[in-house]
Amino acid sequence: MRSRTSPSARTAAVLALTLATAGLGTAVPAAAAPGHAGYAAKSADSDGSRAFFQAVLKSVAEKRAANPGLAAVTVVYDASAAPTFKAQIARSTQIWNSAVSNVRLQEGSNADFTYREGNDPRGSYASTDGHGNGYIFLDHQQNQEYDSTRVTAHETGHVLGLPDHYEGPCSELMSGGGPGPSCTNPNPDARERARVDQLWANGFAAAMDKALHKSAR
């Protein structure tokens, strides 16, 4: 005798199968933070890289306003919650610090953002709540299929202000998982480098004006 399945049970089963077979991606659940950008595209994905960048920019500017003697524009990160990816994070930092001149990444305390690791069906992503609490999540499974240094450098690109561009070629770092697992390029191209320098010249100046006005009150 064939057992009957209720409509609600069938719906739940379809949803579970969809999630299980969706592969790598960044579908954002309803409860997720408003700023969310990931390594691989999905139809439900919302690119929150601008929100992440603005949160980090604000954090750096407010620290600079409180310590005007600081020589360089430095974005500080904490990688203690992602020990598996220590080498990839260090390499990503080296790549970006060699690629741009208007901002530097540095590991330390009082961080502007953090790295985390674990297992998430959305894959790796950069996320912020829009209030200065930003982090990069590195997914174990995705980093086994895709080049891990490229994944890390791509997500760090969101911190520096770059959006996803999944349609781009492998030579574009922010094309992320678009070109497929065979793409191992971890370096931003000339346009991406120039854009980061532009953002941290003009955007940071504007953020500093706001921070100084706030501190003068």
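In which element does Thr-149 lie? Thr-149 belongs to helix H5, one of the elements described below for this predicted model, in which local features need pLDDT of at least 70, side-chain atom pairs count only at pLDDT 80 or more, and totals for chains, interfaces and linings use all residues. Residues are numbered from 1 along each chain as its sequence is written, and side-chain values use heavy atoms, with hydrogens and water left out.

The secondary structure of the protein comes to six helices and six strands, where helices (H or I, at least four residues) and strands (E, at least two) are DSSP runs numbered from the N terminus. Read from the N terminus on, these elements follow the order α-β-α-β-α-β-β-β-β-α-α-α. Of the 217 residues of the protein, 47% count as buried; here buried denotes under 20% relative accessible area, exposed over 50%, and partly exposed in between, with a 1.4 Å probe and protein chains only. Among contacts (heavy atoms within 4.5 Å) between residues at least 6 apart in sequence, 62% join residues at least 24 apart.

Helix H5 is mostly covered, twelve of its twelve residues being buried. The end C-alpha atoms of H5 are 17 Å apart, which agrees with the 16 Å that its twelve residues should span at 1.5 Å a residue, the expected span being 1.5 Å times one less than the number of residues. At the start of H5, a side-chain oxygen of Asp-147 reaches to within 3.4 Å of the backbone nitrogen of Thr-149. H5 is followed by Gly-161, which has a positive phi near 110 degrees.

Thr-149 counts as buried because its relative accessibility is 18%, and, leaving aside neighbours within four places in sequence, Thr-149 is in contact with Gln-88, Arg-91, Ile-95 and Pro-186. Glu-155, also placed in helix H5, counts as buried because its relative accessibility is 0%. With neighbours within four places in sequence again set aside, Glu-155 is in contact with Ala-37, Gly-38, Tyr-39, Ser-124, Tyr-125, Ala-126 and Ile-136. The C-alpha atoms of Glu-155 and Ala-37 are separated by 8.0 Å, although these residues are 118 residues apart along the chain.

Helix H3 (residues 86–99) has 14 residues and reaches 20 Å from its first C-alpha to its last, close to the 20 Å expected at 1.5 Å a residue. The buried residues in H3 include Gln-88 and Ile-95, both of which are in contact with Thr-149; Ser-92, Thr-93 and Trp-96 are also among the buried residues of this helix.

Ser-175 is found in the loop between helix H5 (148–159) and H6, and counts as buried because its relative accessibility is 0%. A polar contact of 2.8 Å joins the side chains of Ser-175 and Arg-150, such a contact being a pair of N or O atoms within 3.5 Å of which, within protein, one must be able to donate a hydrogen and the other to accept it, while residues adjacent in sequence count only if both atoms are side-chain atoms. Not counting residues up to four places away in sequence, Ser-175 touches Arg-150, His-165, Tyr-166, Gly-168, Pro-169 and Cys-170. Arg-150 is itself one of the buried residues of H5.

Two further residues are not buried. Asn-110 lies in the loop between strand E3 (104–107) and strand E4 (113–118), and counts as exposed because its relative accessibility is 59%. Most residues other than glycine have a negative phi; phi of Asn-110, however, is positive, near 55 degrees. Lys-58, in helix H2, counts as partly exposed because its relative accessibility is 49%.

The largest pocket has a volume of about 270 Å³. On a 1 Å grid over the protein atoms alone, a pocket is an open set of points where a 1.4 Å probe fits, with protein on both sides within 12 Å along at least five of seven lines, and lining residues have an atom within 4 Å of a point; grid points are joined across faces, edges and corners, and the volume is the space filled by probe spheres set on the points. The pocket is lined by 15 residues, of which Leu-162, Pro-163, Met-174, Glu-192 and Arg-195 lie nearest its centre. Helix H2 (49–66) and helix H6 (190–216) are the elements that give two or more residues to this lining, and H6 gives the most, with four residues. The lining divides into five nonpolar, three polar and seven charged residues, where Ala, Val, Leu, Ile, Met, Phe, Trp, Tyr, Cys and Pro count as nonpolar, Asp, Glu, Lys and Arg as charged, and the others, Gly among them, as polar.
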